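Biologist: Let's go through this one together, question by question. Can you put it up on the screen?

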Amino acid sequence: MLEFANPTRFMALSRSVLPWLWAAAAGVLAIGLVLAFRAPADYQQGLTVLIMYIHVPSAWLAMMCYAVIATSSVGTLVWRHPLADVSARAAAPIGACFTFLALVTGSLWGKPMWGTWWVWDARLTSVLLLFLMYLGLIALWRAFDDPARAARPVAILALVGFVNIPIIKFSVDWWNTLHQPASVFRFDGPTIDPSMLWPLMVMAVAFTLLFLAIHVAAMRNEILRRRVRAMRVKAASTLVPAE
Amino acid sequence: MKLTGRDLACIRGGRLVFEALDFRVDAGMLLQLRGRNGAGKSTLLRLIAGLARIAEGELALEGGAPDVPVKEHIHYVGHLDAIKPALSVVENLAFWARLLEGEEVAALAGRAAIDPPAALDAMGIGPLADFPAAILSAGQRRRLSLARLLVAARPVWLLDEPTTALDTDGQACLFAMVERHLSSGGLALIATHVDLPLPAATLTLGVRQPEPRPEVEPA
Amino acid sequence: MIGAIAMLFRRETTLALRVGGGAMMGAVFFLTIVAIMPFAVGPDLNLLQRIGPAILWVGALLATLIGLDRLFQADHEDGSLDLLTMTELPLAVIVAVKAAAHWVTTGLPLVIAAPLLGLMLNVEPAALGAVALTLAAGTPALTFIGTIGAALTVALRRGGLLVPILILPLTVPVLIFGVSATNAAVTGPMAVSTPLTILAGLTLLSVVLAPIAAAAALRLAFD
């Protein structure tokens, strides 16, 4: 009964919170975009610097999403909380999308600087590996017919991945310095001007709000999807054959 | 129409399952196969369906459609149900309806095929049509398998313990189906351990132990 | 018969798209192989540019074999294969239709993904087109040859790893002409059409012959 009560309360709560969340995300995003366009263009990069205002928040969310999944996985494994699994499952495709966005914008941003679409620099490569880990999680989820049975295996994989992230990051950095990086371009230039920093911060907040809104909406969908499934199983088992 | 087997023998996995087996099934007739486990009931059905090799003897279907292979006259419902869990119930059935249909053979069956939703209704699982097959229970899967018999008209039915997992209502459904099939000139072979409430000839397999073949006999 | 073929094709593609994201699995595997390569050979873009087409081809070769071991096994285990042999479709046609559906859901995404992954390896624009073209011409051969391995191992519980071992040596000619056609498009001196024609010939040959061999192997599973 407790297991059913929690998602029910979540559905009621999220229904009233969600519109405000969407509105807040849209509002802050609008402010962020205005600030970004009014920020001075970089003397080196010109207008392409605008890509930064999408790229950096996306990269930030790519990592935060995984943290959400890892935290939820602890909830699944330790407390077996049904909402924890729903949260992790809803976050994975969103995380994959933001990671993909970070990769694409990184590539677009880098093109004028590097002269190629892609360089195997430590940061981009780490994000690519993160993307692959997201795809692995999604694939494992989809391999199970019954979402309830997928919860714990996926939680274990997510936590194993979480523990591995620092190791992967360290090895990729080491691999990259070993091989004389092809480019000296860095995303976190140490001298970021305050006139750029403010719009960037606002955009980061906007993206975080956007993530929260999408995440809550996706969780609602996931809960509804599971209810439909449960109702179907119930309907099939209580079916009284005609005749 | 007449299905005959003469002096049939079958070897599986180096073991002689049966030999010197004769049977004859005429139109409108039901032959029930009885016998202990391992006597070769399932093997005989697979043999007739062309799914196992005949070691000796011959199998003939008289009065079938010319130029159409024997196995295309046959409906086979075995232990495996050929149901894809990822497809919906009606998608599963519609697939087999299209694949198993054949005009010349259908003309011989003396009874028209019905469309998949109607067949599901007839088997009492009509309301489940659009559900994924993954959520069906064992009995419902069996009903879906048996619904194949209705969506394509074929004159010869081979049913391997078709009552397995069926409740009394499902069994009644099945017996009515078989009865209609026989009365419209079809013929059926049913391997079973329960008594069928239908007039039937009986072929009991494995009455005498087959003698071990010389080459598998221990030295 | 055409209707039955269309129905079988539709079922196969539907199942591939629904079961465990099967169709995208090949493309993700492809991406993983390509992404892992620079860690082995180093991030040197000049080197990657040179060996990029080869990496893409080897990646596509391995990704094509994904899921191939289940091509007949799944149908064998649930009894579908038994029933399929009792239809009007000859076994070789069934094999060909299943292989075609498998290629559309596994091989075609690779052809589409290859130019994108080529960008990551700094492959030249001319070579990107050539890789996609040669993969489109060559991967059907890989799938169809693969059906023979899948048919031979259909009744084996642990046939999964056996399929690549049986099949990879047979795919070497496809790999040779695929990569040389790509290289010819970029660096010359040979005309592209020579290896590309041979590649297309290999594909046509395997489309015709492999289903016959695979059908013969499948019949053995019915004993």
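Modeller: First a term: a disulfide here is a pair of cysteine sulfur atoms within 2.5 Å. This is a predicted model, where local features need pLDDT of at least 70 and side-chain atom pairs count only at pLDDT 80 or more, while totals for chains, interfaces and linings use all residues. Residues are numbered from 1 along each chain as its sequence is written, chains are lettered from A and ligands numbered from 1 in the order in which they are written, and side-chain values use heavy atoms, with hydrogens and water left out.

Biologist: How many disulfides are there over all chains?

Modeller: Take Cys65(A): the closest cysteine sulfur is in Cys97(A), 9.3 Å away, which is too far for a bond. Over all chains, the number of disulfides is 0.

Biologist: And is Cys65(A) buried or exposed?

Modeller: Buried means under 20% relative accessible area, exposed over 50%, and partly exposed in between (1.4 Å probe, protein chains only). Cys10(B) has a relative accessible area of 1% and is buried. Cys65(A) has 0% relative accessibility, so Cys65(A) is buried.

Biologist: What percentage of the contacts in chain A with a separation of 6 or more comes from residues 24 or more positions apart?

Modeller: Contact means heavy atoms within 4.5 Å. For background, 44% of the 243 residues in chain A are buried. Of the contacts with a separation of 6 or more, the share from residues 24 or more positions apart is 84%.

Biologist: Which residues of chain A lose the most area to chain C?

Modeller: Buried area is the accessible area (1.4 Å probe) that two parts lose on being put together, summed over both. In this pair, 19 residues of chain A touch 20 residues of chain C, and about 1600 Å² is buried between them, 80% of it on carbon and sulfur atoms. Together giving 37% of what the chain A side buries, the residues are Trp120(A), Arg142(A) and Trp175(A).

Biologist: Where is Arg11(C) found?

Modeller: Arg11(C) is buried, with a relative accessible area of 5%. Leaving aside neighbours within four places in sequence, Arg11(C) has contacts including Lys84(B), Phe95(B) and Asp75(C). Its place is helix H1 (residues 2–18) of chain C.

Biologist: Which elements give two or more residues to the lining of the largest cavity?

Modeller: A cavity is a set of points on a 1 Å grid over the protein atoms alone where a 1.4 Å probe fits but cannot get out, and lining residues have an atom within 4 Å of a point. The elements are helix H2 (89–100) and helix H5 (138–151) of chain B.

Biologist: From where does the largest share of the lining of the second largest cavity come?

Modeller: That cavity has a volume of about 30 Å³, and Trp141(A) is one of the residues that line it. Helices H2 (52–79), H3 (82–114) and H5 (147–178) of chain A each supply at least two lining residues. The largest share, 3 residues, comes from H5(A).

Technical notes. Helix = DSSP H or I, 4+ residues; strand = E, 2+ residues; numbered from the N terminus. 1 Å grid on protein atoms, 1.4 Å probe; cavity = no way out; pocket = protein on both sides within 12 Å on 5 of 7 lines; lining within 4 Å. Points joined across faces, edges and corners; volume = space filled by probe spheres on them.
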